[in-house]
Amino acid sequence: MKSLVELKKVCRKDKLDPFWISNVLARPFSIYVTWICIQLGIRANQITFVSCVFALSSSFILLLSTQWALFLSAVFLYVFYILDHVDGELARYYIYKSKNSDSFINLSGIYFDRIVHYFLGITLYPCLGISLYLIDEHFVWLVLGVIGAVGSSGLPRFTSAFTVFEMTVKNESLIKTEYIKQFAGLDFVYWTKSQIPRDFIVLPRNFIELKYVLKQYLSFPGDLIIYIVFVNADVFWGFPDLLFTKIYLTFFASIRLLNIAYSAYNYFNKLRKIPFKSSNEYGKSS
């Protein structure tokens with residue numbers, strides 16, 4: 001690549017992300033890290049591994065139960081956030097540069113990237129709960145930590161994906177149905193691909209955009225940025241008894257619990273009526 005402008009055209013999904021956080025807090029910086037990685041020959045999965053180390057470190061350092069541990073947790077989380085953009089940019093760059101004509105499709109990077117997100121959720125909340133419990137010995141923080149971990153586990157999505165995959169392997173006719181193809185959408189239970197807004201959005205203008213914006217504010221990356229802001233508010237502005245950190249855990253653990261219940265209910269209903277043409281009545285026996 002001759003310039004960063006050309007690199008941006010290759011590495012980025014579109015000119016602007018529909019959600020403003022990535023455009024303001026990640027993309028302006030991640031492209032420079034991507035450029036350095038390209039010069040060093042670093043691949044996308046290697047960056048994903050490094051991002052995983054920072055993600056897990058941001059959780060486990062909380063067990064030290066100090067304000068500096070909270071601050072470092074926020075720093076590590078922001079580094080993870082930047083690297084989470086870098087691995088995708090690297091993947092698009094190497095795909096663009098590749099002259100390989102293999103008949104295989106490599107989805108390992110996408111899988112690795114997504115599972116790191118789940119590692120983050122199921123470790124951050126319980127570690128934060130334990131940290132707050134060690135500080136003021138209120139059992140409620142342990143409970144909220146567990147709730148946050150369970151809510152971040154993605155169990156409804158994983159279970160539905162495995163169910164659909166198992167059915168498509170045993171019955172090829174299912175692969176051809178549009179209904180099954182919809183399950184490939186990451187947020188199928190919230191909206192279809194055709195409903196995803198394409199404009200740069202800060203405030204919603206209709207119901208679909210409202211759902212999209214709320215999902216992004218209350219999930220990744222909104223919850224991550226709010227965590228960083230709230231933790232720094234407690235560390236540097238001296239709010240008593242880590243007030244903002246406790247508000248964060250209480251609110252987002254509750255949101256996670258509601259989300260996993262909502263997802264499970266929706267996946268259950270979606271999987272009840274999958275149309276397919278086959279004499280093999282798969283699914284009648286358990």
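This is a predicted model: local features need pLDDT of at least 70, side-chain atom pairs count only at pLDDT 80 or more; totals for chains, interfaces and linings use all residues.
Helix α1, spanning residues 4–11, packs against two other helices. Its axis comes within 11 Å of that of helix α3 (residues 27–40), and the two axes cross at roughly 95°. Because angles of 65 to 115 degrees count as roughly perpendicular, α1 and α3 are assigned to that class. On the α1 side, the contact involves L4, L7, K8 and C11, which meet I31, Y32, T34, W35 and I38 of α3. By residue class, the contact of α1 with α3 consists of seven nonpolar residues, one polar residue and one charged residue.

From α1, the residues L7, V10 and C11 take part, while α5 contributes G88, E89, R92, Y93 and Y96. Five nonpolar, one polar and two charged residues make up the contact of α1 with α5. L7 and C11 of α1 are listed in the contact with α3 and also in the contact with α5.

In soluble globular proteins, nonpolar side chains tend to be buried together. In the present model, the largest nonpolar core comprises 46 residues, of which L70, L90, L128, L224, Y227 and L249 touch the most other members. At least two residues of this core are supplied by each of α1, α3, α4 (44–60), α5, α6 (108–136), α7 (140–151), α11 (222–237) and α12 (243–272). Helix α5 provides the largest share, 11 residues. With residues up to four places away in sequence left out, Y227 touches L62, L70, S73, A74, L77, L124, L128 and Y248. Another core, of six residues, lies apart from this one and includes F188, V189, Y212 and Y267.

A polar residue, S58, was also examined. S58 is located in helix α4. Its relative accessibility is 0%, and S58 therefore counts as buried. The side chain of S58 reaches the backbone oxygen of A55 at 2.5 Å. When residues up to four places away in sequence are not counted, S58 touches S73, F76, L77, L120 and L124. Among these neighbours of S58 are S73, L77 and L124, which are also touched by Y227.

Key:
Residues are numbered from 1 along each chain as its sequence is written. Side-chain values use heavy atoms; hydrogens and water are left out. Axes are lines fitted to C-alpha atoms, for helices over the stretch in contact, and angles run from 0 to 180 degrees between N-to-C directions. Helices (H or I, at least four residues) and strands (E, at least two) are DSSP runs, numbered from the N terminus. Angles under 35 degrees count as roughly parallel, over 145 as roughly antiparallel, 65 to 115 as roughly perpendicular and the rest as oblique. Contact means heavy atoms within 4.5 Å. A nonpolar core is a set of buried Ala, Val, Leu, Ile, Met, Phe, Trp, Tyr and Cys residues joined through side-chain atoms within 4.5 Å. Buried means under 20% relative accessible area, exposed over 50%, partly exposed in between (1.4 Å probe, protein chains only). A polar contact is a pair of N or O atoms within 3.5 Å; within protein, one must be able to donate a hydrogen and the other to accept it, and residues adjacent in sequence count only if both atoms are side-chain atoms.
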